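Have the structure open while you read.

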Amino acid sequence: MLDEKNDPTTSDDTNAVEKKEEVTSKTEELTTDTKETQAEDTTVEEVQAETQEAVNELEETVAEDSEDESATKRHEIPVLDYHSMSMENLVKEFGKLVKNEKIQVIKDHVDQIKTEFNQKYGELIEQKKEEFIADGGNIIDFRYTTVVKTDFNSIYNEYKEKRNAYYKNLEQDLKQNLANRLTIIEELKGLINVEENINTTYKHFKSLQEQWRNAGPIPRGEYNNVWRTYHHHIERFYDFLHLNRDLRDLDFKRNLEEKEQIIAQAEALAEEADANKAFRKLQSLHKIWKEEVGPVAKELREDIWQRFSNATKVIHDKRQEYLKNIDAIYEQNLIKKQEIISNIMQVANEKVSSHNVWQKKIKEIEALREAFFNAGKVPLKVNEDTWAAFKEAVRTFNRNKNAFYKDLKKDQQSNLNKKLDLVKTAQAHKDSEDWEMTTPIMKKIQSEWKRIGHVPRKHSDRIWKEFKDACNHYFDRLHASKNKASEQEIANLETKNVFLEKMNALEFSGDKEADLEVVKQHIDEWKGIGRVPYNKKNIEDTFNKRLDGIFKKLGVDPTEAEMIKYSNKMSALSESKDHRKIENERNFVRKKITEITGKMHQLENNLQFFANSNSENPLVKDVHKNIEKHRKELDIWKAKLKHLKEI
């Protein structure tokens, strides 16, 4: 690039040939002058070197964007935090870019989206592959895809097609634009020797300048050479204008005003908080300075260029400081991510033995993964290592999780087999009408079902429905049967109430044996009436109290009376054929015998404390009385057990 401070002189005493030589040697002359200044002040030398470095760096970016007139557009598209996005959101954002933006300006965005998507999808594939192998699959049979991957591939193919079409047309356009610009340069050359009115020539010159501005982008490899050639011939033309100083000075004045405005804009960028935005704007100002604004008077060139260079250095330094801060931020992000990786490994190595706890751990890992992606970028030099460590930590967790669920699936398969057996039992008994025998069975298998653990999810709903339907079918029939029987039970209750009144009016002959037979007949008659509603079963207690009164009136021995009532009770139980209730009664009687025997032994042991006491001692008499009472009770319970054994 030809610096403004190196623009050639336009004095009236310099002819065109001298001017060309001056252009050729201007850099060497400036270098000589600068060295003389630097010899006097090395600090100035350093500042100038830094300023020139800043300018060169910026000019390189201008040349880089030379092929694309819409290059500035790419900087206007917001750069989102693709690193923290889910795969679904990455695909959504990718689709919006391809649909709404020019294809040539979204490359950086697409590259970032592609990188982040591939990393996340690769992690998912690794996880699914390990689960597949953990379930007993062969690695060569592993196949996996998702809708989000299909959508991404579709959008990326559309992007490539549009991009290829654009660059195919761009190559042709760049070549044509280059040819047009070279033609403009040739016409500029011809203006020097043309014999025509100077005003006509000047108008032609201004027309060529306008054509140049609208000629479009050219290949970046040709950009600097073509621009230097064009600028050289622009300067030659201004030398030629020494014949018409007014036109030349008018252009110098206009160019100076435009460059003053550019400098003012560049200096104002120092207040811009966004360093990248300021840098991009400065690029645009340099391009305008270079391509759209001509030279100024020789005596002003170095000063005005230095002002622009100084403004450039301010923005450059500000951006460098921003990049340093970015590095510091990236280092902080690295510390955060390393801590997250450590936390993932800690969770991964915890010993977990229950499904519920594993589910909590899975949520913890999901939160840590999200935190990892939200932590921001890390220094490029450690990016791959950090990502690899993250993947390995997550993979360790997944391996341990898969190992647990592999064993759990074995248990669930065993549970499934047990529940299938219960389903068969329920279905085999659902139509039974033997209510007394079947109801305990159905209740038992319901309890067993609750105790059995989880089954594979794909079977859970189906077998539960089969089991529930069979149980509901049986109990619906049972309840319907009970509802039907309840009408008879109400009638039985009314009959028994009448029977109780009848017993109140019962008269006896005075012959104990004959009267006792009458009572037994009434007992048999009572049993024959049948069951009453459950909530009215206390009528049996009322009947037994009536019997107690009758037995007392007849002088029947209490033991004999108790056994008559017990025989009545057991007869009804035997007729029900409820073996479970009969067995429960046996266990109850045995327990009572053991209990009473224990009390008697305790009382007999207590008598030893009164070995030397008088038998008339009230305490001793009370103990003997209790022992006798328990002995009678024991005789009754033994008689009951004997009766039960005969059933």
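Start at Arg580, which lies in helix H19, residues 579–607 (helices are DSSP runs of H or I with at least four residues, numbered from the N terminus). With 48% relative accessibility, Arg580 is classed as partly exposed, because that label covers whatever falls between buried, under 20% relative accessible area, and exposed, over 50%, using a 1.4 Å probe and protein chains only. By the way, this is a predicted model: local features need pLDDT of at least 70, side-chain atom pairs count only at 80 or more, and totals for chains, interfaces and linings use all residues. Residues are numbered from 1 along each chain as its sequence is written, and side-chain values use heavy atoms, leaving out hydrogens and water.

Arg580 also belongs to a positive surface patch, together with Lys443, Lys482, Arg531, Lys537 and Lys581. A patch like this takes residues with over 30% relative accessible area and no salt bridge, joining like charges within 9 Å. A salt bridge, in turn, needs a side-chain nitrogen of Lys or Arg within 4 Å of a carboxyl oxygen of Asp or Glu.

Asp557 sits in the loop between helix H17 (539–554) and helix H18 (558–576), and its 40% relative accessibility makes Asp557 partly exposed.

Beyond its neighbours within four places in sequence, Glu489 is in contact (heavy atoms within 4.5 Å) with Arg531, Val532 and Pro533.

Notes: Patches are made of residues with over 30% relative accessible area and no salt bridge: like charges are joined within 9 Å, nonpolar side chains (Val, Leu, Ile, Met, Phe, Trp, Tyr) within 5 Å. Accessible areas come from the Shrake-Rupley method with a 1.4 Å probe; for residues, only the protein chains shown count as cover. Lys and Arg count as positive and Asp and Glu as negative; His and the chain ends are not counted. The place of a charge is taken as NZ of Lys, CZ of Arg, CG of Asp or CD of Glu. Helices (H or I, at least four residues) and strands (E, at least two) are DSSP runs, numbered from the N terminus.
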